[in-house]
Amino acid sequence: MFTEALDLQCLNGTMLCFAYPDTVRHETHWPQQPFQIFVEQGIVVGHNGPQEFQDLLDVIRTEDVEDRVWVREFGLGLNRNVTGRLNDVSSYERREGIHFSLGLKHNIYRKKFGKKVLQRFHIDIFIDAQEVVVDDTVLFQKEE
């Protein structure tokens with residue numbers, strides 16, 4: 001299940017990333033420790049993660065017309081039966097938990113950016129969150 005903000009620039013804050021795809025095989029990569037990603041007005045402005053994550057951001061930036069890394073999709077994986085690690089990112093995003101996508105590309109949201117804007121990447125990153133609450137309704141709560 002996924003969605004996107006009506007106004008991408010409304011997203012501000014910090015998220016704790018525990019997995020992301022590598023730049024070679026598009027397989028899930030787990031750093032030794034989760035790290036913070038800092039977001040201002042919908043754009044990744046920094047992180048305290050490993051060089052491999054910076055390399056991923058650099059690839060996205062080089063393809064973006066404005067040299068930015070946008071935070072796009074907010075996704076909730078609903079499959080509680082996936083308890084281990086999966087190398088395939090597209091499968092791993094379905095496990096119970098939260099992910100965000102980086103980069104402009106997602107065909108369902110194409111109308112937000114003109115056809116002249118190159119939309120090449122949609123990179124899922126996996127977030128360590130205890131719960132997600134919207135309007136006092138708990139959408140997700142991590143089981144201990």
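Q: Which residues form one aromatic cluster with Tyr20?
A: Phe35 and Phe53. Bear in mind that this is a predicted model.

Q: How many aromatic pairs does the structure hold?
A: Five. In one of them, the ring centres of Tyr20 and Phe35 are 5.9 Å apart. Their planes sit at 75 degrees, and over 60 counts as edge-to-face, so that is what this pair is.

Q: Where do Tyr20 and Phe35 lie?
A: Tyr20 is in strand β2, residues 13-21, and Phe35 is in strand β4, residues 35-40. The pair therefore ties together parts that are 15 residues apart in sequence.

Q: Are those two buried or exposed?
A: Tyr20 and Phe35 are both buried.

Q: Back to Phe53. What is it in contact with, leaving aside neighbours within four places in sequence?
A: Tyr20, Phe35, Ile37, His47, Leu102 and Ile125.

Q: And which residues touch the most other members in the largest nonpolar core?
A: Phe53 is one of them, along with Met15, Ile37, Ile98, Leu102 and Ile125. That core has 24 residues.

Q: Which element gives the largest share of it?
A: Helix α1, with four residues. Other elements giving two or more include β2, β4 and β7. Apart from this core lies another, of six residues, with Phe18 and Tyr92 among them.

Q: Switching to charges. How many salt bridges does the count come to?
A: One. Asp58 meets Arg61 at 3.8 Å, N to O. Both lie in helix α1, residues 51-63, about one turn apart.

Q: How accessible is Asp58?
A: Its relative accessibility is 34%, so Asp58 counts as partly exposed.

Terms used. Residues numbered from 1 in each chain as written. Predicted model: local features only at pLDDT ≥ 70, side-chain atom pairs only at ≥ 80, totals over all residues. Heavy atoms only, no water. Phe/Tyr/Trp six-rings, centres within 6.5 Å; stacked < 30°, edge-to-face > 60°. Buried < 20%, exposed > 50% of the residue type's maximum accessible area, 1.4 Å probe, protein only. Salt bridge = Lys/Arg side-chain N within 4 Å of Asp/Glu carboxyl O. Core = buried A, V, L, I, M, F, W, Y, C linked by side-chain atoms within 4.5 Å. Contact = heavy atoms within 4.5 Å.
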